[in-house]
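Work through the exercises below with the structure open. Each task is followed by a stepwise solution.

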Amino acid sequence: MIEVRNLYKNFGRLEVLKGINNKVEKGEVVVIIGPSGSGKSTFLRCLNLLEEPTRGEVYIEGKNLMDPRTDVNKLRQDVGMVFQHFNLFPHKNVIENITLAPIKVRGESPQQARERAMQLLNRVGLADKADSFPSQLSGGQKQRVAIARALAMNPKIMLFDEPTSALDPEMIKEVLDVMKDLAREGMTMVVVTHEMGFAREVGDRVIFMDEGRILEEGTPEDIYNRPQNPRTKDFLSKIL
Amino acid sequence: MNLDFSIIKPYFNIFLLGAFVTVKITALAVLMGIVIGLFVGMGKLSRFWFIRMLCSTYVEVIRGTPLLVQIFIFYFGLPQILGVNIPEYPAAVMALGINSGGYVAEIIRGGILAVEKGQMEAARSLGMSHSQAMRYIILPQAFKKMIPPLGNEFVTLLKNSSLATTIGFSELTRAGQIVAANTYKPFEPYITVAAFYLVMTIGFSRLLGILERRLAVSD
Ligand SMILES: Nc1ncnc2c1ncn2[C@@H]1O[C@H](COP(=O)(O)OP(=O)(O)OP(=O)(O)O)[C@@H](O)[C@H]1O
Ligand SMILES: [Mg+2]
(Lines give C-alpha, C1' and ligand atoms only; values in the text may rest on other atoms or scores of the structure.)
(Ligands and ions follow the chains in the order given, each with its own letter.)
Protein backbone atom coordinates (compact mmCIF):
# COMPACT_ATOMS: atom_id res chain seq x y z
CA MET A 1 0.00 0.00 0.00
CA ILE A 2 2.80 2.39 0.97
CA GLU A 3 6.39 1.80 0.06
CA VAL A 4 9.21 4.14 0.98
CA ARG A 5 12.71 3.66 -0.44
CA ASN A 6 15.76 5.51 0.68
CA LEU A 7 13.85 8.68 1.53
CA TYR A 8 15.86 11.82 2.30
CA LYS A 9 14.55 15.23 3.25
CA ASN A 10 16.59 18.37 3.78
CA PHE A 11 15.42 21.75 5.00
CA GLY A 12 18.16 23.89 3.56
CA ARG A 13 21.33 22.43 5.04
CA LEU A 14 19.51 20.56 7.79
CA GLU A 15 19.15 16.89 6.94
CA VAL A 16 15.95 15.76 8.66
CA LEU A 17 15.32 12.35 7.05
CA LYS A 18 18.37 10.25 6.35
CA GLY A 19 17.38 7.31 4.26
CA ILE A 20 14.06 5.88 5.39
CA ASN A 21 12.98 2.50 4.05
CA ASN A 22 9.63 1.00 4.91
CA LYS A 23 6.56 -0.75 3.69
CA VAL A 24 3.03 -0.52 5.02
CA GLU A 25 0.60 -3.25 4.02
CA LYS A 26 -3.08 -2.79 3.37
CA GLY A 27 -5.03 -2.71 6.63
CA GLU A 28 -1.90 -2.35 8.71
CA VAL A 29 -1.77 0.07 11.65
CA VAL A 30 1.71 1.46 12.10
CA VAL A 31 2.64 3.60 15.08
CA ILE A 32 5.64 5.90 14.91
CA ILE A 33 7.39 6.99 18.08
CA GLY A 34 10.56 8.94 18.72
CA PRO A 35 11.98 12.03 20.38
CA SER A 36 11.00 15.55 19.39
CA GLY A 37 12.72 16.67 16.21
CA SER A 38 13.50 13.13 15.07
CA GLY A 39 11.57 13.69 11.83
CA LYS A 40 8.29 11.86 12.54
CA SER A 41 6.07 14.64 11.23
CA THR A 42 8.32 15.26 8.27
CA PHE A 43 8.19 11.57 7.35
CA LEU A 44 4.40 11.54 7.60
CA ARG A 45 4.11 14.71 5.55
CA CYS A 46 6.26 13.23 2.81
CA LEU A 47 3.64 10.52 2.37
CA ASN A 48 1.08 13.02 1.04
CA LEU A 49 3.61 15.47 -0.35
CA LEU A 50 2.91 18.25 2.12
CA GLU A 51 6.70 18.10 2.16
CA GLU A 52 8.54 17.35 -1.00
CA PRO A 53 11.16 14.65 -0.48
CA THR A 54 14.67 15.69 -1.38
CA ARG A 55 15.44 12.27 -2.83
CA GLY A 56 14.31 8.70 -2.62
CA GLU A 57 11.03 7.15 -3.67
CA VAL A 58 7.55 6.95 -2.18
CA TYR A 59 4.94 4.67 -3.71
CA ILE A 60 1.27 4.82 -2.78
CA GLU A 61 -0.56 1.85 -4.25
CA GLY A 62 2.17 1.47 -6.81
CA LYS A 63 2.07 5.11 -7.89
CA ASN A 64 5.37 6.92 -7.59
CA LEU A 65 4.84 10.25 -5.82
CA MET A 66 8.06 11.67 -7.18
CA ASP A 67 6.99 11.12 -10.77
CA PRO A 68 6.03 14.54 -12.14
CA ARG A 69 3.17 12.91 -14.02
CA THR A 70 1.49 11.83 -10.79
CA ASP A 71 -1.59 13.94 -10.08
CA VAL A 72 -0.87 15.09 -6.55
CA ASN A 73 -4.38 16.39 -5.86
CA LYS A 74 -5.84 13.08 -6.94
CA LEU A 75 -3.41 11.16 -4.83
CA ARG A 76 -4.14 13.22 -1.73
CA GLN A 77 -7.80 12.23 -1.94
CA ASP A 78 -6.70 8.69 -1.16
CA VAL A 79 -4.55 9.75 1.77
CA GLY A 80 -6.40 11.46 4.60
CA MET A 81 -4.52 13.43 7.22
CA VAL A 82 -5.35 14.43 10.78
CA PHE A 83 -3.27 17.16 12.39
CA GLN A 84 -2.19 17.85 15.92
CA HIS A 85 -3.98 21.20 15.94
CA PHE A 86 -7.07 19.97 14.05
CA ASN A 87 -6.89 22.72 11.41
CA LEU A 88 -10.65 22.90 11.01
CA PHE A 89 -11.86 25.73 8.80
CA PRO A 90 -13.06 28.32 11.34
CA HIS A 91 -15.30 30.22 8.90
CA LYS A 92 -17.31 27.11 8.05
CA ASN A 93 -19.61 25.12 10.28
CA VAL A 94 -19.09 21.45 11.02
CA ILE A 95 -21.13 20.12 8.14
CA GLU A 96 -19.49 22.53 5.68
CA ASN A 97 -16.07 21.53 6.95
CA ILE A 98 -16.88 17.96 6.07
CA THR A 99 -18.73 18.48 2.78
CA LEU A 100 -16.55 21.16 1.18
CA ALA A 101 -13.93 18.88 -0.33
CA PRO A 102 -16.38 16.16 -1.47
CA ILE A 103 -18.42 18.83 -3.25
CA LYS A 104 -15.62 20.92 -4.72
CA VAL A 105 -13.03 18.26 -5.36
CA ARG A 106 -15.05 15.15 -6.12
CA GLY A 107 -18.07 16.89 -7.54
CA GLU A 108 -20.58 15.25 -5.22
CA SER A 109 -23.98 16.87 -5.00
CA PRO A 110 -24.48 18.93 -1.81
CA GLN A 111 -27.26 16.60 -0.74
CA GLN A 112 -25.22 13.47 -1.28
CA ALA A 113 -22.25 14.99 0.53
CA ARG A 114 -24.46 16.05 3.39
CA GLU A 115 -25.93 12.60 3.86
CA ARG A 116 -22.50 11.07 3.96
CA ALA A 117 -21.32 13.77 6.38
CA MET A 118 -24.21 13.01 8.72
CA GLN A 119 -23.30 9.32 8.66
CA LEU A 120 -19.74 10.19 9.57
CA LEU A 121 -20.83 12.57 12.31
CA ASN A 122 -22.98 9.81 13.76
CA ARG A 123 -20.03 7.53 13.69
CA VAL A 124 -17.83 9.98 15.63
CA GLY A 125 -20.74 10.76 17.95
CA LEU A 126 -21.29 14.37 16.95
CA ALA A 127 -24.48 14.37 14.90
CA ASP A 128 -25.92 17.08 17.16
CA LYS A 129 -23.03 19.42 16.32
CA ALA A 130 -23.62 19.54 12.57
CA ASP A 131 -24.47 23.24 12.56
CA SER A 132 -21.95 24.36 15.17
CA PHE A 133 -18.85 26.32 14.32
CA PRO A 134 -15.44 24.95 15.27
CA SER A 135 -14.99 27.69 17.87
CA GLN A 136 -17.99 26.25 19.74
CA LEU A 137 -16.45 22.78 20.09
CA SER A 138 -14.09 21.29 22.64
CA GLY A 139 -10.70 20.03 21.52
CA GLY A 140 -11.81 16.42 21.47
CA GLN A 141 -14.88 17.30 19.43
CA LYS A 142 -12.79 19.31 16.99
CA GLN A 143 -10.47 16.40 16.43
CA ARG A 144 -13.37 14.02 15.86
CA VAL A 145 -14.79 16.43 13.27
CA ALA A 146 -11.35 16.59 11.66
CA ILE A 147 -11.33 12.81 11.41
CA ALA A 148 -14.80 12.83 9.88
CA ARG A 149 -13.67 15.50 7.43
CA ALA A 150 -10.76 13.36 6.29
CA LEU A 151 -12.93 10.25 6.04
CA ALA A 152 -15.46 12.06 3.86
CA MET A 153 -13.05 11.74 0.93
CA ASN A 154 -13.11 7.94 1.36
CA PRO A 155 -9.34 7.69 1.74
CA LYS A 156 -7.56 4.37 1.54
CA ILE A 157 -4.91 5.49 3.99
CA MET A 158 -5.15 7.72 7.05
CA LEU A 159 -2.19 9.62 8.48
CA PHE A 160 -2.37 10.94 12.04
CA ASP A 161 0.22 13.38 13.40
CA GLU A 162 0.00 13.40 17.20
CA PRO A 163 -3.81 13.62 17.08
CA THR A 164 -4.23 13.70 20.86
CA SER A 165 -1.22 15.65 22.08
CA ALA A 166 -2.99 19.02 22.01
CA LEU A 167 -5.93 17.65 24.00
CA ASP A 168 -6.80 17.80 27.67
CA PRO A 169 -6.41 14.35 29.23
CA GLU A 170 -10.14 13.77 29.62
CA MET A 171 -10.68 14.19 25.89
CA ILE A 172 -7.97 11.88 24.68
CA LYS A 173 -10.05 8.74 25.06
CA GLU A 174 -12.93 9.90 22.88
CA VAL A 175 -10.54 10.54 20.00
CA LEU A 176 -8.59 7.32 20.49
CA ASP A 177 -11.84 5.36 20.56
CA VAL A 178 -12.77 6.71 17.14
CA MET A 179 -9.32 5.82 15.85
CA LYS A 180 -9.50 2.32 17.30
CA ASP A 181 -12.84 1.72 15.59
CA LEU A 182 -11.29 2.84 12.35
CA ALA A 183 -8.36 0.50 12.84
CA ARG A 184 -10.61 -2.46 13.58
CA GLU A 185 -12.59 -1.76 10.43
CA GLY A 186 -9.44 -2.37 8.45
CA MET A 187 -8.25 1.15 7.62
CA THR A 188 -4.58 1.43 6.73
CA MET A 189 -3.19 3.85 9.28
CA VAL A 190 0.13 5.51 10.03
CA VAL A 191 -0.03 7.19 13.41
CA VAL A 192 2.54 9.34 15.16
CA THR A 193 1.59 9.04 18.81
CA HIS A 194 3.01 8.24 22.18
CA GLU A 195 -0.24 6.70 23.39
CA MET A 196 1.01 3.25 24.26
CA GLY A 197 -2.46 1.92 25.01
CA PHE A 198 -3.55 2.67 21.49
CA ALA A 199 -0.45 1.06 20.00
CA ARG A 200 -0.82 -2.10 22.09
CA GLU A 201 -4.52 -2.44 21.41
CA VAL A 202 -4.71 -1.92 17.67
CA GLY A 203 -1.14 -1.37 16.46
CA ASP A 204 0.41 -4.01 14.24
CA ARG A 205 3.85 -2.50 14.27
CA VAL A 206 5.75 0.21 16.13
CA ILE A 207 8.56 2.16 14.48
CA PHE A 208 11.13 4.01 16.57
CA MET A 209 12.68 6.99 14.82
CA ASP A 210 15.65 9.01 15.97
CA GLU A 211 17.63 11.70 14.15
CA GLY A 212 16.01 11.02 10.82
CA ARG A 213 16.45 7.25 10.81
CA ILE A 214 14.37 4.25 11.74
CA LEU A 215 16.41 2.66 14.49
CA GLU A 216 14.09 -0.17 15.43
CA GLU A 217 10.72 -1.64 14.57
CA GLY A 218 8.61 -4.53 15.67
CA THR A 219 5.34 -5.54 17.26
CA PRO A 220 4.14 -3.27 20.09
CA GLU A 221 4.94 -6.14 22.43
CA ASP A 222 8.55 -6.33 21.23
CA ILE A 223 9.21 -2.62 21.20
CA TYR A 224 7.62 -1.75 24.53
CA ASN A 225 8.64 -4.86 26.46
CA ARG A 226 11.90 -5.90 24.84
CA PRO A 227 13.48 -2.92 23.09
CA GLN A 228 16.85 -3.91 21.61
CA ASN A 229 18.39 -0.59 20.65
CA PRO A 230 19.81 1.39 23.60
CA ARG A 231 18.32 4.58 22.17
CA THR A 232 14.88 3.00 22.13
CA LYS A 233 15.34 1.85 25.71
CA ASP A 234 16.46 5.29 26.73
CA PHE A 235 13.54 6.98 24.98
CA LEU A 236 10.94 4.60 26.41
CA SER A 237 12.31 5.02 29.91
CA LYS A 238 11.67 8.74 29.54
CA ILE A 239 8.09 8.59 28.31
CA LEU A 240 6.79 5.70 30.40
CA MET B 1 -13.39 89.15 12.27
CA ASN B 2 -16.30 89.12 9.97
CA LEU B 3 -17.29 85.53 9.61
CA ASP B 4 -20.55 84.92 7.85
CA PHE B 5 -21.50 81.35 7.19
CA SER B 6 -24.81 82.36 5.70
CA ILE B 7 -22.94 83.00 2.44
CA ILE B 8 -22.59 79.24 2.14
CA LYS B 9 -26.28 78.60 2.00
CA PRO B 10 -26.93 79.38 -1.68
CA TYR B 11 -24.05 77.10 -2.61
CA PHE B 12 -24.97 74.22 -0.36
CA ASN B 13 -25.95 71.98 -3.27
CA ILE B 14 -22.56 72.46 -4.87
CA PHE B 15 -20.89 71.15 -1.73
CA LEU B 16 -23.33 68.28 -1.52
CA LEU B 17 -22.72 67.33 -5.13
CA GLY B 18 -18.97 67.66 -4.60
CA ALA B 19 -19.15 65.36 -1.60
CA PHE B 20 -21.13 62.85 -3.59
CA VAL B 21 -18.58 62.90 -6.41
CA THR B 22 -15.77 62.50 -3.87
CA VAL B 23 -17.37 59.43 -2.37
CA LYS B 24 -18.04 58.05 -5.81
CA ILE B 25 -14.50 58.36 -7.16
CA THR B 26 -13.11 57.10 -3.87
CA ALA B 27 -15.33 54.03 -3.97
CA LEU B 28 -14.46 53.35 -7.61
CA ALA B 29 -10.77 53.84 -6.92
CA VAL B 30 -10.82 51.53 -3.89
CA LEU B 31 -12.66 48.89 -5.92
CA MET B 32 -10.06 49.19 -8.62
CA GLY B 33 -7.40 49.11 -5.93
CA ILE B 34 -8.83 45.89 -4.50
CA VAL B 35 -8.82 44.19 -7.90
CA ILE B 36 -5.25 45.30 -8.60
CA GLY B 37 -4.22 44.64 -5.03
CA LEU B 38 -5.60 41.12 -5.10
CA PHE B 39 -3.42 40.19 -8.07
CA VAL B 40 -0.37 42.14 -6.97
CA GLY B 41 -0.67 41.01 -3.35
CA MET B 42 -0.96 37.34 -4.34
CA GLY B 43 1.73 37.92 -6.96
CA LYS B 44 4.12 38.96 -4.22
CA LEU B 45 3.58 35.51 -2.71
CA SER B 46 4.05 33.73 -6.03
CA ARG B 47 6.34 30.75 -6.51
CA PHE B 48 7.90 32.48 -9.51
CA TRP B 49 10.57 35.04 -8.76
CA PHE B 50 9.77 37.01 -11.89
CA ILE B 51 6.17 37.61 -10.82
CA ARG B 52 7.29 38.39 -7.28
CA MET B 53 9.79 40.93 -8.59
CA LEU B 54 7.25 42.55 -10.90
CA CYS B 55 4.68 42.93 -8.13
CA SER B 56 7.23 44.16 -5.59
CA THR B 57 8.39 46.79 -8.06
CA TYR B 58 4.82 47.98 -8.54
CA VAL B 59 4.31 48.35 -4.81
CA GLU B 60 7.68 50.08 -4.31
CA VAL B 61 7.06 52.60 -7.10
CA ILE B 62 3.52 53.41 -5.96
CA ARG B 63 4.41 53.78 -2.31
CA GLY B 64 7.69 55.55 -2.99
CA THR B 65 6.36 58.40 -5.11
CA PRO B 66 3.90 61.21 -4.29
CA LEU B 67 0.31 60.68 -5.34
CA LEU B 68 0.23 64.18 -6.80
CA VAL B 69 3.08 63.31 -9.13
CA GLN B 70 1.30 60.10 -10.12
CA ILE B 71 -1.83 62.09 -10.95
CA PHE B 72 0.20 64.52 -13.06
CA ILE B 73 1.89 61.70 -14.92
CA PHE B 74 -1.52 60.26 -15.68
CA TYR B 75 -3.27 63.41 -16.68
CA PHE B 76 -0.51 65.46 -18.27
CA GLY B 77 2.14 62.89 -19.10
CA LEU B 78 0.25 59.99 -20.64
CA PRO B 79 -1.52 61.99 -23.39
CA GLN B 80 1.90 62.95 -24.74
CA ILE B 81 2.75 59.27 -25.17
CA LEU B 82 -0.66 57.92 -26.16
CA GLY B 83 -1.54 60.84 -28.36
CA VAL B 84 -5.03 61.17 -26.82
CA ASN B 85 -6.25 63.22 -23.92
CA ILE B 86 -7.67 61.42 -20.93
CA PRO B 87 -10.65 63.27 -19.44
CA GLU B 88 -10.34 64.34 -15.80
CA TYR B 89 -12.84 61.84 -14.48
CA PRO B 90 -11.26 58.60 -15.71
CA ALA B 91 -7.80 60.05 -15.15
CA ALA B 92 -8.60 60.79 -11.52
CA VAL B 93 -10.21 57.40 -10.86
CA MET B 94 -7.41 55.49 -12.57
CA ALA B 95 -4.61 57.42 -10.88
CA LEU B 96 -6.24 56.97 -7.47
CA GLY B 97 -7.10 53.32 -8.18
CA ILE B 98 -3.62 52.42 -9.35
CA ASN B 99 -2.21 54.19 -6.32
CA SER B 100 -4.60 52.40 -4.01
CA GLY B 101 -3.65 49.08 -5.65
CA GLY B 102 -0.14 49.41 -4.28
CA TYR B 103 -1.36 49.87 -0.72
CA VAL B 104 -4.14 47.30 -0.96
CA ALA B 105 -1.62 44.76 -2.30
CA GLU B 106 0.26 44.99 0.98
CA ILE B 107 -2.98 44.69 2.94
CA ILE B 108 -3.95 41.58 0.98
CA ARG B 109 -0.53 40.02 1.30
CA GLY B 110 -0.59 40.69 5.03
CA GLY B 111 -4.08 39.21 5.33
CA ILE B 112 -3.10 36.03 3.49
CA LEU B 113 0.04 35.60 5.57
CA ALA B 114 -1.98 36.08 8.74
CA VAL B 115 -4.04 32.96 7.98
CA GLU B 116 -2.55 29.99 9.79
CA LYS B 117 -0.32 27.75 7.73
CA GLY B 118 -2.30 24.69 8.81
CA GLN B 119 -5.35 25.92 6.89
CA MET B 120 -3.64 25.58 3.55
CA GLU B 121 -2.21 22.22 4.58
CA ALA B 122 -5.58 20.89 5.68
CA ALA B 123 -7.17 22.04 2.42
CA ARG B 124 -4.42 20.52 0.30
CA SER B 125 -4.48 17.29 2.26
CA LEU B 126 -8.14 16.92 1.26
CA GLY B 127 -7.17 17.06 -2.38
CA MET B 128 -7.97 20.69 -3.10
CA SER B 129 -5.77 22.43 -5.64
CA HIS B 130 -3.83 25.51 -4.60
CA SER B 131 -6.37 27.83 -6.20
CA GLN B 132 -9.34 25.99 -4.64
CA ALA B 133 -7.68 26.26 -1.24
CA MET B 134 -7.08 29.96 -1.81
CA ARG B 135 -10.63 30.59 -2.94
CA TYR B 136 -12.58 28.58 -0.37
CA ILE B 137 -10.29 28.56 2.63
CA ILE B 138 -7.55 31.19 2.67
CA LEU B 139 -9.08 34.28 1.07
CA PRO B 140 -12.38 34.25 3.00
CA GLN B 141 -10.42 34.19 6.25
CA ALA B 142 -7.90 36.71 4.98
CA PHE B 143 -10.63 39.15 3.93
CA LYS B 144 -11.94 39.24 7.45
CA LYS B 145 -8.53 40.30 8.67
CA MET B 146 -8.28 42.83 5.87
CA ILE B 147 -11.45 44.75 6.62
CA PRO B 148 -9.99 47.16 9.19
CA PRO B 149 -6.95 48.12 7.09
CA LEU B 150 -9.10 48.33 3.96
CA GLY B 151 -11.37 50.72 5.82
CA ASN B 152 -8.37 52.85 6.70
CA GLU B 153 -7.32 52.79 3.09
CA PHE B 154 -10.77 54.04 2.08
CA VAL B 155 -10.52 56.94 4.55
CA THR B 156 -7.02 57.84 3.36
CA LEU B 157 -8.09 57.74 -0.26
CA LEU B 158 -11.18 59.81 0.49
CA LYS B 159 -8.91 62.57 1.74
CA ASN B 160 -6.29 62.08 -0.95
CA SER B 161 -8.92 62.35 -3.66
CA SER B 162 -8.85 66.10 -3.01
CA LEU B 163 -5.64 66.10 -5.03
CA ALA B 164 -7.77 65.50 -8.11
CA THR B 165 -8.67 69.19 -7.79
CA THR B 166 -5.27 69.95 -9.29
CA ILE B 167 -6.33 68.54 -12.64
CA GLY B 168 -9.55 70.48 -12.51
CA PHE B 169 -11.80 67.61 -11.49
CA SER B 170 -14.96 68.82 -9.77
CA GLU B 171 -15.13 67.08 -6.44
CA LEU B 172 -15.59 68.42 -2.93
CA THR B 173 -12.42 70.47 -2.60
CA ARG B 174 -13.00 71.95 -6.03
CA ALA B 175 -16.47 73.01 -4.87
CA GLY B 176 -14.78 74.98 -2.09
CA GLN B 177 -12.51 76.67 -4.62
CA ILE B 178 -15.44 77.66 -6.79
CA VAL B 179 -17.45 79.08 -3.92
CA ALA B 180 -14.40 80.92 -2.57
CA ALA B 181 -13.84 82.50 -5.96
CA ASN B 182 -17.49 83.52 -6.27
CA THR B 183 -17.87 85.03 -2.82
CA TYR B 184 -14.32 86.40 -2.45
CA LYS B 185 -14.36 84.77 0.97
CA PRO B 186 -12.13 81.71 1.23
CA PHE B 187 -12.43 80.93 4.94
CA GLU B 188 -16.05 79.87 5.22
CA PRO B 189 -16.12 77.68 2.10
CA TYR B 190 -12.94 75.81 3.04
CA ILE B 191 -14.12 75.31 6.60
CA THR B 192 -17.31 73.90 5.12
CA VAL B 193 -15.29 71.60 2.88
CA ALA B 194 -13.28 70.41 5.86
CA ALA B 195 -16.48 69.78 7.81
CA PHE B 196 -17.87 67.70 4.95
CA TYR B 197 -14.72 65.57 4.84
CA LEU B 198 -14.79 65.16 8.60
CA VAL B 199 -18.41 64.04 8.65
CA MET B 200 -17.68 61.50 5.94
CA THR B 201 -14.53 60.10 7.49
CA ILE B 202 -15.98 59.91 10.99
CA GLY B 203 -19.23 58.45 9.69
CA PHE B 204 -17.36 55.83 7.72
CA SER B 205 -15.12 54.90 10.63
CA ARG B 206 -18.19 54.39 12.81
CA LEU B 207 -19.79 52.13 10.21
CA LEU B 208 -16.59 50.18 10.02
CA GLY B 209 -16.49 49.82 13.78
CA ILE B 210 -19.98 48.34 13.79
CA LEU B 211 -19.07 45.95 10.97
CA GLU B 212 -15.95 44.83 12.82
CA ARG B 213 -17.88 44.14 15.98
CA ARG B 214 -20.40 42.10 13.99
CA LEU B 215 -17.63 40.04 12.45
CA ALA B 216 -15.94 39.57 15.79
CA VAL B 217 -19.13 38.02 17.12
CA SER B 218 -19.15 35.30 14.43
CA ASP B 219 -15.63 34.25 15.43
N1 LIG C 1 9.48 23.65 7.36
C2 LIG C 1 10.63 23.44 8.03
N3 LIG C 1 11.70 24.22 7.80
C4 LIG C 1 12.86 24.02 8.45
N5 LIG C 1 13.07 23.07 9.35
C6 LIG C 1 12.03 22.25 9.63
C7 LIG C 1 10.77 22.40 8.98
N8 LIG C 1 9.93 21.45 9.47
C9 LIG C 1 10.65 20.73 10.36
N10 LIG C 1 11.91 21.22 10.47
C11 LIG C 1 12.98 20.66 11.32
O12 LIG C 1 13.10 19.31 11.04
C13 LIG C 1 13.36 18.55 12.20
C14 LIG C 1 12.35 17.43 12.33
O15 LIG C 1 11.07 18.00 12.52
P16 LIG C 1 9.76 17.14 12.68
O17 LIG C 1 8.65 18.11 12.88
O18 LIG C 1 9.64 16.19 11.57
O19 LIG C 1 10.06 16.36 14.03
P20 LIG C 1 9.07 15.51 14.93
O21 LIG C 1 9.74 14.21 15.13
O22 LIG C 1 7.72 15.51 14.35
O23 LIG C 1 9.10 16.30 16.30
P24 LIG C 1 7.91 16.61 17.32
O25 LIG C 1 7.79 15.37 18.18
O26 LIG C 1 8.41 17.76 18.10
O27 LIG C 1 6.68 16.89 16.55
C28 LIG C 1 13.34 19.54 13.36
O29 LIG C 1 14.67 19.86 13.66
C30 LIG C 1 12.62 20.73 12.79
O31 LIG C 1 13.10 21.91 13.37
MG1 LIG D 1 5.85 16.33 14.91
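**Exercise 1: charges across the interface**

Count the salt bridges between chain B and chain A, then name the residues.

Step 1. The model is predicted. Across the interface of chain B and chain A, the rule finds one salt bridge.

Step 2. The partners are B:Glu121 and A:Arg45. Their closest N and O atoms are 2.7 Å apart. The cut-off is 4 Å, so the pair qualifies.

Step 3. Now trace the elements of chain B that touch chain A. Helices α5 (117-125) and α6 (130-160) each supply at least two residues to that side. The largest share, seven residues, comes from α5(B).

Step 4. Sort that side of chain B by type: seven residues are nonpolar, seven polar and four charged.

**Exercise 2: extent of the interface**

Step 1. Count contacts. On chain B, 18 residues are in contact with 23 residues of chain A.

Step 2. Take the area. The two chains bury about 1700 Å² between them, with 60% of it on carbon and sulfur atoms.

Step 3. Find the main contributors. B:Ser125, B:Leu126 and B:Tyr136 supply 34% of the area that chain B buries against chain A, more than any other three residues.

**Exercise 3: nonpolar cores**

Which residues have the most contacts inside the largest nonpolar core?

Step 1. This core has 51 residues, and A:Ile2 and A:Phe43 have the most contacts inside it.

Step 2. Helix α6(B) gives the most to this core: nine residues.

Step 3. A second, separate core has 46 residues, including A:Ile98 and A:Met187.

Conventions:
Residues numbered from 1 in each chain as written. Chains lettered and ligands numbered in written order. Predicted model: local features only at pLDDT ≥ 70, side-chain atom pairs only at ≥ 80, totals over all residues. Heavy atoms only, no water. Contact = heavy atoms within 4.5 Å. Buried area = accessible area lost by both parts, 1.4 Å probe. Salt bridge = Lys/Arg side-chain N within 4 Å of Asp/Glu carboxyl O. Helix = DSSP H or I, 4+ residues; strand = E, 2+ residues; numbered from the N terminus. Nonpolar A, V, L, I, M, F, W, Y, C, P; charged D, E, K, R; others polar. Core = buried A, V, L, I, M, F, W, Y, C linked by side-chain atoms within 4.5 Å. Buried < 20%, exposed > 50% of the residue type's maximum accessible area, 1.4 Å probe, protein only.
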